[in-house]
Amino acid sequence: MPSTPPATSRRRALSLSALAVGSALGGCTSLFEDGPSTAERQVSPDWRPSPGQWPTSNYDYARTGHNPFAEPPRQEPSVAWTHDAGESVDSVVVADDTVFVGTDNEIGALETASGDERWTRSSSGRQTLSWIDGRLYGATTERLRAYTSDGELTWTYRPGRDQYYDVLERGGSVYLLFRDRITRLHANTGEKLGSQSLSGRFPTTNGGLVYCGQYTIEAYDIEGSVDSSWSVTPTDAHETYSYPALAHGLLYRPEFRLADGAATLAIYDAGTGATRDRVPLEHTPRSPAVSGNAAFVFTSIVTAGDIGTEGSLVRLSAGGERRWEYDASASLQPPAVANGTVFVGPFANALVPLLAFDAETGDELWRLDVGGTTELAIAGDTVYASADGTVRAVRS
């Protein structure tokens with residue numbers, strides 16, 4: 001059962017004086033305007049996941065961690081099927097009645113109903129998968145591969161940079177967002193159209209501005225060119241090392257200060273960058289999940305010697321008040337929400353099972369031993385959980 005902490009004082013910063021807020025010069029770059037004629041493949045900027053999908057690690061490109069279509073189990077479930085991947089699973093996404101599983105050596109496609117293997121493709125390097133409007137992307141530091149849902153390779157691009165990156169597609173362009181660079185590709189061919197020295201770390205968008213940055217937050221308009229709409233540098237050297245969530249016109253950004261470990265969930269106005277709130281937390285927060293008027297955030301110790309040993313899951317109201325808290329005494333993955341239920345699995349430890357909580361009350365609904373760091377994807381009536389080289393389909 002969760003523990004409800006006593007009321008705590010909260011620092012509120014409701015003015016721009018708590019930030020260094022700047023409107024960057026709106027200079028465009030011709031690198032993003034030159035190139036071939038309009039691509040035949042066009043993805044709407046407001047493309048959203050459909051029922052039966054979990055297209056990326058945080059569900060959608062607003063990073064909400066909330067699937068509004070899914071109805072996973074709220075009562076004690078059973079394991080419908082298991083798949084032995086043969087090695088650690090890096091990434092799991094769901095679309096087109098298929099579970100796509102990425103490991104260091106291959107991408108596999110499994111039937112959602114049975115777990116039967118449909119196809120596999122060789123791929124070297126840590127794999128990050130994403131599904132965008134009928135296309136599967138497999139990203140490693142060495143290559144970006146674009147596949148059809150049947151596993152047919154459409155094109156390959158070599159980034160030439162030993163960095164991880166995120167993939168975003170809109171219009172006829174595919175954007176690769178690196179820590180210090182954004183590269184634009186032709187959606188039909190994967191041909192490079194241009195590149196610009198910009199911070200692309202931890203991108204979040206709902207189809208409008210794209211929000212990036214580990215230290216300073218940049219709000220980019222990338223329609224046709226790249227303009228900075230606004231930028232914010234949090235005071236006191238706060239930074240993030242995970243994705244913010246975007247919902248209801250607000251950017252929920254997990255922040256910490258390396259010097260002394262001070263941690264907050266900072267809430268910004270997505271239109272202007274103004275601070276709405278800063279909620280103090282005990283440990284470093286990771287990517288929050290946002291559902292309705294609630295935010296769910298996990299905090300943990302992240303120093304090398306102590307990682308995996310401490311942590312708690314907290315539900316916050318829209319106003320930043322704590323509603324309930326679960327002390328895991330170990331690290332968890334970022335939470336996922338569906339069907340009024342919050343799901344969390346272990347991170348860097350085998351001490352915690354896969355857990356399901358009632359989102360409103362924090363009551364524990366069920367638990368399932370999985371054996372280690374867990375990647376989650378929730379679609380339809382199923383929780384797909386990978387841990388210790390095994391993918392499980394968990395249903396009622």
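Colleague: Hi! Which residues are linked in a network of salt bridges?
Modeller: Arg161, Arg179 and Asp180 are joined in such a network. A salt bridge here is a side-chain nitrogen of Lys or Arg within 4 Å of a carboxyl oxygen of Asp or Glu. Please keep in mind that this is a predicted model, where local features need pLDDT of at least 70 and side-chain atom pairs count only at pLDDT 80 or more, while totals for chains, interfaces and linings use all residues. Residues are numbered from 1 along each chain as its sequence is written, and side-chain values use heavy atoms, with hydrogens and water left out.

Colleague: How many salt bridges are there in the whole structure?
Modeller: The search finds 17.

Colleague: And Arg253, is that buried or exposed?
Modeller: Arg253 is buried, with a relative accessible area of 1%; buried means under 20% relative accessible area, exposed over 50% and partly exposed in between, using a 1.4 Å probe and protein chains only. Arg253 forms a salt bridge with Glu255, with 2.7 Å between the closest N and O atoms. Glu255 is buried too, at 0%.

Colleague: What does Arg322 pair with?
Modeller: Its salt-bridge partner is Glu282, at 3.0 Å from N to O. Arg322 belongs to strand S27 and Glu282 to the loop between S22 and S23, so the pair ties together parts 40 residues apart in sequence. Strands are DSSP runs of E, at least two residues long, numbered from the N terminus.

Colleague: Switching to sheets: what is the strand order in the open sheet of four strands?
Modeller: The order is S3-S4-S5-S6, with antiparallel pairing. Two strands pair if DSSP finds at least two bridges between them.

Colleague: Which strands stand at the edges?
Modeller: S3 and S6 do; each has a single partner strand, so one side of each is left without a neighbour in the sheet. Further in, S4 and S5 pair over five bridges, and Thr98 stands opposite Glu111 in S5. Glu111 also forms a salt bridge with Arg118, at 3.9 Å between the closest N and O atoms.

Colleague: Last topic: how many residues has the largest nonpolar core?
Modeller: That core has 29 residues, and those with the most contacts inside it are Val99, Ile378 and Tyr384. A nonpolar core is a set of buried Ala, Val, Leu, Ile, Met, Phe, Trp, Tyr and Cys residues joined through side-chain atoms within 4.5 Å. S3 and S4 are among the elements that give two or more residues to this core.
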